[in-house]
Amino acid sequence: MSKNALVSFKGTKNINTEIQLTGSKSECNRALIISALSDKLVKVENLSNAADTVTLDGILKKLGVESSELGESATLKAPNSTLVDVGPAGTAMRFLSAYLSAKNGNFLLTGTERMKQRPIGILAEALKTIGANISYAENDGFPPLNIVGPLNQKTSKVKIKGDVSSQYISALLMIAPTLPDGLTLEIDGELTSKPYVDMTLDMLAEAGIKHLWNGNSISISAQPFKSSTLVVEPDWSAASYWYSIAALAHEAEISLPALKEKSLQGDSKIQNIMRIFGISTEKTEKGIAISNLGVSLDTDQILDLKTCPDLAQTIIVVAAALGKNMAFTGLETLKIKETNRIAALQNELAKIGVTLTEDNLVYTLNTDGLHFPDKITIATYEDHRMAMAFAPLALLINEVEIEEMQVVEKSYPYFWEDLKKAGFEVKEI
Ligand SMILES: O=C(O)C1=C[C@@H](OP(=O)(O)O)[C@@H](O)[C@H](O)C1
Ligand SMILES: C=C(OP(=O)(O)O)C(=O)O
């Protein structure tokens, strides 16, 4: 049975702690696919305990040894096909669509009910153009997918829309060096979440794979992986919740060991963004230390979050709670993530009297009605980031009840334990 977390913080709101964050799920899930594609020539170190990574690791291990059932549900499965169930893991769904297309076998690739509403047509159609045998098991353009591999390459050039999810592009880039003719992707329109494509190319480079990025085209020729080790860094998206805690506390000194200022993860941009709320970041011998300087900067400019969509909830909730009527752009992809994150934010921010409204793709907070009741209950909509973005409000509100607390497992399973370590009370109810 799912439980709620009742979060509170008694006494002076001073936070002084050290938090060892788990590995980045984005880096891990790339490392796992690259390692599998290289037949384990590429090794992975510091694997995350994020559920999305544990799921992908489990699937790849089972695929490596046997062709048996890999999930729990059994809808529409052809008698001789292998069921692969990624649950809520978007990267696993997208990366495996490409990986399984290139692999020998007959697969039904599926996930949660929400996953079946998250579009995959752009990737599936690109794979079909390359020569993959893919069909939609339920609704056109959406998971589950029937995949019969290996693909028979018909072309090495494919045009793909860039503004819906960068994960489609990363998925194709990772299988590119294993395709007989390599791959050239022509990106159509603006590329969203670009740092994630950079991360894919950087990790491929560490594994010996060269690429050429020319204008809007990325080319990777057929080439072998080199023996190497991909060492996963701690998760910057998870670190962002510690920045919100610092921003909402009276005083804060938080050490985040092993985190790197200059990271493969685009979400390391939180360092610059949180300066707006008076949070400074310092490089230390151990990693990163953040502290609250108590001086906020101007919040007049429009903040574009296109390169770092996973930070949106963190930043918007902090801005709302600090009464900053900020405006944001680059939030278009939020509607197709774990939940419709725009609707979820609007519903939950209303509980503290804040509105988030859209006009011509500019989203604006209005905090004129901001108030902090003695207790609020936050719905999480099966979205880990809703839970983690709202829990820090316990520094301003007596009791914050977060529904379905287990959602955090997707990327940061020890989130509640870490809150306790920092002085929060977290009761399971
Ligand atoms: O490639 C990745 O690891 C990710 C890319 C982003 O998705 P989109 O490219 O769909 O924005 C991000 O939101 C997701 O959490 C992880
Ligand atoms: C959007 C996310 O994940 P995914 O797309 O991989 O499910 C996320 O972690 O915020």
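Here is a friendly set of numbered notes on the predicted model above.

1. **Ground rules.** Residues count from 1 along each chain as its sequence is written, while chains are lettered from A and ligands numbered from 1 in the order in which they are written. Because this is a predicted model, local features need pLDDT of at least 70 and side-chain atom pairs count only at pLDDT 80 or more, whereas totals for chains, interfaces and linings use all residues.

2. **The overall build.** The chain has 12 helices and 22 strands (DSSP runs numbered from the N terminus: H or I of at least four residues for helices, E of at least two for strands). Its C-alpha trace spans about 65 × 40 × 40 Å along the principal axes. The radius of gyration is 22 Å, which agrees with the value near 22 Å for a compact globule of 429 residues (it is taken over C-alpha atoms, and the globule rule is 2.2 Å times the number of residues to the power 0.38).

3. Buried residues make up 50% of the 429 residues. A residue is buried if 20 or more other C-beta atoms lie within 10 Å of its own, exposed if 12 or fewer, and partly exposed in between, with C-beta atoms placed from the backbone. Of the contacts between residues at least 6 apart in sequence, 74% join residues at least 24 apart (a contact means C-beta atoms, placed from the backbone, within 7 Å).

4. **The ligand shell.** Ligand 1 has residues around it that include Ser26, Thr91, Gln167, Tyr196, Asp310 and Thr333 (the C-beta atom, placed from the backbone, must lie within 6 Å of the ligand). The shell divides into 2 nonpolar, 9 polar and 1 charged; here Ala, Val, Leu, Ile, Met, Phe, Trp, Tyr, Cys and Pro count as nonpolar, Asp, Glu, Lys and Arg as charged, and the others, Gly among them, as polar. Helix 5 (residues 166-175) gives the most, with 3 residues. Ligand 1 lies between domain 1 (5-22 + 234-428) and domain 2 (25-231), because both give residues to its shell; the domain bounds come from an automatic or database assignment.

5. Asp310 sits in the loop between strand 16 (302-304) and helix 9 (312-321). Is Asp310 buried or exposed? Asp310 counts as buried, with 25 C-beta neighbours inside 10 Å. Beyond residues up to four places away in sequence, Asp310 touches Ser237, Asp267 and Arg385.

6. The unreviewed UniProt entry places "binding site" at several residues, including Arg118 and Arg385. Arg385 lies in helix 11 (residues 384-390) and is buried, with 31 C-beta neighbours inside 10 Å. Arg118, in the loop between strand 5 (105-110) and helix 4 (121-130), is partly exposed, with 19 such neighbours inside 10 Å. Leaving aside neighbours within four places in sequence, Arg118 is in contact with Gly90 and Ile336.

7. **Backbone spots to look at.** The peptide bond from Pro143 to Pro144 is cis, with omega near 0°, and so is the bond from Gly149 to Pro150. Leu361 is not a glycine, yet its phi is positive, about 70°. Leu361 is exposed, with 10 other C-beta atoms within 10 Å. Glu404, also not a glycine, has a positive phi of about 50° and lies in the loop between strand 21 (399-402) and helix 12 (415-421).

Definitions and conventions
Contact = placed C-beta atoms within 7 Å. UniProt positions renumbered as here; feature names shortened; annotations may be inferred.
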